Amino acid sequence: MQHFQFYNPVKILFGAGQIANIASQIPQGSKVMMTYGGGSIKQNGVYKQVVKALSGFEFVEFSGIEANPRYETLMKAVEMVKRENVDFLLAVGGGSVIDGTKFIALATYFEGEDAYTICTQGVKVQKAVPMGAVLTLPATGSEMNNGGVISRESTHEKFAFSGGRHTFPCFSVLDPTVTLTLPKRQRINGVVDAFIHVTEQYLTYPVQADIQDRFSEGILHVLVDNGMKYIDNEEDMDAAANVMWACSMALNGLIAAGVPQDWATHRIGHEITAIAGLDHAQTLALVWPGLHRVMAESKREKLLQFGRRIWGVDTVEEAIARTEDFFRKIGEGTRFSDYPQVENPQAVIDEICRRFETRGTLLGEHADIDYIKTREILQGRL
């Protein structure tokens with residue numbers, strides 16, 4: 001096991017009715033800005049619950065944060081934070097709203113001309129507006145970590161960032177009942193996103209981190225066992241609760257402690273979203289099988305372990321095939337041909353490889369996935 005430091009200060013309020021308790025988690029006298037997306041929280045009753053919980057606070061609202069939060073939109077929120085003297089942020093939504101709110105928290109104190117360098121160059125900001133979160137869509141784990149991913153519309157780029165200790169939410173509310181009105185597409189995406197978050201930290205090479213491996217396998221089993229029930233039956237609160245907690249545990253730092261990590265599937269997927277507009281989880285399901293086939297030899301030991309412990313199979317190809325079958329069974333496409341809205345997949349592949357070549361991008365746990373291997377991975381997904 002590799003050396004590590006593990007730190008996660010996020011307080012979790014889990015269960016039905018927990019939104020009512022957020023007032024006790026926000027410092028008294030704070031001026032709050034509630035951030036949210038397209039307005040679905042006003043249809044499912046979450047907005048009303050949050051407004052009631054904030055009745056003792058002065059608060060303003062910023063809506064319109066996109067499913068892939070855009071830098072241009074978020075900078076308008078930063079202007080509002082400064083203009084209104086906001087000193088606490090409350091993200092109400094899925095991972096995109098929470099990611100965007102973390103960026104707002106950092107960019108408020110950014111000194112310079114282009115706050116997007118927080119993402120592109122990893123520029124560190126030593127202060128952020130404190131924030132909390134009310135999760136409405138389990139998927140990304142953003143409610144329990146300090147990272148995010150932000151798109152820039154003007155350049156068709158999508159990059160990740162981390163604010164260190166400054167962008168952990170102070171608290172997050174996880175109420176499984178808010179999933180009752182989620183569309184099936186979002187449920188599918190959530191299960192796939194969490195599953196691949198786990199494999200990015202698990203399917204690398206052995207370092208005898210038995211606890212992390214078993215935790216990872218446990219999360220994967222929960223997603224496999226509950227995924228279809230959660231997707232097909234919105235009334236199944238047991239399945240919803242287990243999926244919601246699995247999504248948080250998949251990316252809160254616990255299973256990443258002391259192990260090598262990959263993240264190549266995500267990095268390639270981000271480019272597909274930025275260029276072609278596919279949902280984040282759709283890109284992950286598309287890339288994952290190709291990447292693991294191309295990189296099968298370097299990942300062989302962990303793929304065999306994954307196959308035995310998750311799927312009960314004995315070969316690398318069976319492990320990959322069973323995973324791809326799982327994605328397809330729950331309703332996620334795994335090839336470009338499954339997404340007719342991408343009119344010219346070859347042009348998308350060419351542009352991603354051009355970008356990676358220009359940037360000198362090297363991905364994966366061994367930094368051995370270059371633009372040539374990226375092309376091999378993606379050509380196999382046509």
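Predicted model: local features only at pLDDT ≥ 70, side-chain atom pairs only at ≥ 80, totals over all residues.

Guide: Residues are numbered from 1 along each chain as its sequence is written, and side-chain values use heavy atoms, leaving out hydrogens and water.

Visitor: How do I describe two packed helices?

Guide: Two packed helices are described by the angle between their axes and the distance between the axes. Take helix α6 (residues 184-202) and helix α10 (residues 280-294): their axes come within 8 Å and cross at roughly 50 degrees. Helices here are DSSP runs (H or I, at least four residues), and strands are E runs of at least two, numbered from the N terminus. Axes are lines fitted to C-alpha atoms, for helices over the stretch in contact, with angles from 0 to 180 degrees between N-to-C directions.

Visitor: Which residues of α6 and α10 make the contact?

Guide: On α6, R185, N189, V192, D193, I196 and T199 do; on α10, H280, A281, Q282, L284, A285 and W288. Contact means heavy atoms within 4.5 Å.

Visitor: Is A319 buried or exposed?

Guide: A319 has 0% relative accessibility, so A319 counts as buried. Buried means under 20% relative accessible area, exposed over 50%, and partly exposed in between (1.4 Å probe, protein chains only). A319 sits in helix α12 (residues 316-330). Leaving aside neighbours within four places in sequence, A319 touches L303, F306, G307, W311 and V313.

Visitor: What covers the buried residues of α8?

Guide: The cover includes β1 (11-14), β5 (131-135), β8 (171-174), α6 and α7 (210-232). Among the buried residues of α8 are A239, V243 and C247.
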